[in-house]
Amino acid sequence: MGLQPLEFSDCYLDSPWFRERIRAHEAELERTNKFIKELIKDGKNLIAATKSLSAAQRKFAHSLRDFKFEFIGDAETDDERCIDASLREFSNFLKNLEEQREIMALSVTETLIKPLEKFRKEQLGAVKEEKKKFDKETEKNYSTIDKHLNLSAKKKDSHLQEADIQVEQNRQHFYELSLEYVCKLQEIQERKKFEFVEPMLSFFQGMFTFYHQGHELAKDFNHYKMELQINIQNTRNRFEGTRSEVEELMNKIRQHPKDHKRASQFTAEGYLYVQEKRPAPFGSSWVKHYCMYRKAAKKFNMIPFEHRSGGKLGDGEVFFLKECTKRHTDSIDRRFCFDVEAADRPGISLTLQAFSEEERKQWLEALGGKESLFHSFNRAIIPRPEGSAQLDKMGFTILRKCISAVETRGINDQGLYRVVGVSSKVQRLLSMLMDVKTCNEVDLENSIDWEVKTITSALKQYLRSLPEPLMTYELHGDFIVPAKSGSPESRVNAIHFLVHKLPEKNKEMLDILVKHLTNVSNHSKQNLMTVANLGVVFGPTLMRPQEETVAAIMDLKFQNIVVEILIENHEKIFRTPPDTTFPEPTCLSASPPNAPPRQSKRQGQRTKRPVAVYNLCLELEDGDSSNPPKEDTPTSSVDSLSSPSPTTAAVHGPLGPDKNHLLADGGSPGDWAAPIPSQTRSPMVQWLNPQSPTTPSSNSAVTPPSPRLSPFPVSPASVVDKPPESVTSRKARAVYPCEAEHSSELSFEIGAIFEDVQTSREPGWLEGTLNGKRGLIPQNYVKLL
């Protein structure tokens, strides 16, 4: 049986049974209230789950859309093209479905959650308020009656009459509240039947609409689904039909590999080990190369390649063969060796080693080899090109030539100044530009011999090779100070003031360069080189501290900011005089402005650390991190001083690193840097490339070789052109583990202590003794004690 009706006449009797019926109605409303509250909570969870499902479905759709099948060969069938496009179709189907799901989720909020919350608040909440009043008035009414009945009959009649009137008024007020409360109780019991169920109906209607639209999408998709099933079956049939033929061919080649050699344009090709001489007493190293020879042209190509390092491909070298001679084991302590001499390198030979005697015979036959006479070869030493970068008339000529060529030929090239040239080509161009005899002969604007990336790399290399950075050591700290604090306007004013304190030649060259960089940034929609990107490239090039410290590394991002300010405010800074009332910035350095530069704890200047390995992308980490480097350039110019720079994320898309054209040993710290093998700038490379210097110098434009790269990234701020430090005999402790790659190197774990550590003649290496064995130690793997 349901709830008993509440009669209004019972309000005046207020019998125990009437009170029981009221409590039954109240209990039912409380149960309804709890149910609706729980239902609203479940509804919100349902919406959240729906949104999570929608997000997961969308992510799944994006994954399908972004994947693309690659095919073997130079074309694909119609079926394969349809299969390839199917993932995008699936993605679009899910996307359309999720759009309808989002509409349904929104409708649940509007049609179910909000109406239920309104009903619970306005209707059930109102009943609760009425109940409070009813209970309060009940207490007051019966308390008054009790008190009134306890009055003494001896009281004055006037006093008793007044009390009777007061009690009667209280009772009438109580009856009125009782009538209203009873009415509200019965009203809400009836109202909840439609005000509660109607939102539920709307909710299910929205759900049915969603499923109906899904059904319509499925009907539209059905025709495509049938065609795709045919495409898949056709492709499977072709696969089954050709698999047996492929296996048969594989078995034929397995049995007679020499009878099925692939036709090649080369007379001979394959892997050979190339001997690379190293400083005495450490002998030589042998590096694997993939070699190719054309007999008609006598052209010999060789490319270093190491399978064990993930298939890293080095820069290839080419020379023309003069003669080939077989080496006997009485002249070299290795088997299967032969020497080759280049026609364009008179008097210089190279020793190669085949994998077997049979392969050596094949190479000798292809190269026209002969038996050798036991003798020593005269290996010429390639002299280092004389001259170094200076801030003189020749330097301005180099700068103007390069800028003119870039603006004429490559102002819209994507990744301008970020994509680097081949080291040997960059060094050759820079040598020609710095030579008075050949500088005027170099035509950068019209010659196709010099790529734009070679020209931009030569320009940066010249700036890095100056004895002092263009913005000087003396003002380095002053330039950093305003970049760290103040308003954008005050920062610009400070930089403006400092630029005019530069020496006249420095300011003039900086003006020419920044004007060009402003032009480059104006074409950022095409070349993707925003002001922020240019700041990353030229910050370490135009500014560097005289002493390499952790603080200097942390200031690298501020160097970038200074360059950004120069580019964004070129006209004001270089075309107008600074405010003479502007207070001169105070350098953060503890040294007074005229104090001599601080020296490191060891005598002499700090040794340049080898260039670190950065990710092959257009962005640069601001500082050292124990985590692998992510993206170099910030996605937005957060540190830009005057105006936000556009996002640089778009730079990633069209620019993929070219593994054959990375400047491995001469790149800017702000550029892409390829991993530098231990054989970088080896004697073999010097032999094939006489333009490359053989010894490092403080004025050299070539970064010294990296014997081993630190497992942690090295900040570009630390990579500065300084002469090698002379280390006297002392102890050192290993800070990274190292496994020797050659017999002349030492293997060690973290914490190993080396005795009698001295500077090696090979740049970037030290010589030391560990457990009685003496050998080479990577300098950036140890800390001197």
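Five strands make up an open sheet, running E12-E11-E10-E9-E13 with antiparallel pairing. Strands here are DSSP runs of E with at least two residues, helices are H or I runs of at least four, and both are numbered from the N terminus; two strands pair if DSSP finds at least two bridges between them. All of this comes from a predicted model, where local features need pLDDT of at least 70, side-chain atom pairs count only at pLDDT 80 or more, and totals for chains, interfaces and linings use all residues. Residues are numbered from 1 along each chain as its sequence is written, and side-chain values use heavy atoms, with hydrogens and water left out.

**The open sheet**

- Strand E12 (773-778) and strand E13 (782-784) sit at the edges with a single partner strand each, so one side of each has no neighbour in the sheet.
- Neighbouring strands in this sheet are turned by 40 degrees against each other on average, direction ignored. The axes behind that angle are lines fitted to C-alpha atoms (for helices, over the stretch in contact), and angles in general run from 0 to 180 degrees between N-to-C directions.
- Strand E11 (residues 765-770) runs antiparallel to E12 and is joined to it by six bridges.
- Across that pairing, Thr769 stands opposite Arg774 in E12.

- Strand E7 (residues 349-353) is mostly covered, with five of its five residues buried. Buried means under 20% relative accessible area, exposed means over 50%, and partly exposed is in between (1.4 Å probe, protein chains only).
- In a regular strand, side chains alternate between the two faces of the sheet.
- In E7, Ser349, Thr351 and Gln353 point one way while Leu350 and Leu352 point the other, and all are buried.
- E7 pairs with strand E6 (residues 337-342) in the antiparallel sense over five bridges, and Val340 has Leu350 as its bridge partner.
- E6 and E7 form a hairpin with six residues between them, and Gly347 in the turn has a positive phi of about 80 degrees.
- Strand E1 (residues 268-277) also pairs with E7 in the antiparallel sense, over two bridges; there, Tyr273 has Gln353 as its bridge partner.

**Nonpolar cores**

- The largest nonpolar core has 63 residues, and Leu463, Phe479, Phe538 and Leu542 have the most contacts inside it. A core is a set of buried Ala, Val, Leu, Ile, Met, Phe, Trp, Tyr and Cys residues joined through side-chain atoms within 4.5 Å.
- Helix H7 (residues 393-409) supplies the largest share of this core, eight residues.
- Another core lies apart from it, with 30 residues, among them Leu29, Met104, Val108 and Phe134.

**Aromatic rings**

- The structure holds 21 aromatic pairs. Rings of Phe, Tyr and Trp (its six-membered ring) pair if their centres lie within 6.5 Å; planes under 30 degrees apart are stacked, over 60 edge-to-face, and the rest tilted.
- Phe90 and Phe221 form a tilted pair, 6.0 Å centre to centre with 50 degrees between the planes.
- That pair links distant parts of the chain, with Phe90 in helix H3 (residues 78-149) and Phe221 in helix H5 (residues 197-255), 131 residues apart.
- Phe90 is partly exposed at 29% relative accessible area, whereas Phe221 counts as buried at 18%.
- Phe174 and Tyr175 are another tilted pair, 5.8 Å centre to centre and 55 degrees between the planes, and both are buried.
- Tyr12, Phe134, Tyr142, Phe174, Tyr175 and Tyr181 form one aromatic cluster.
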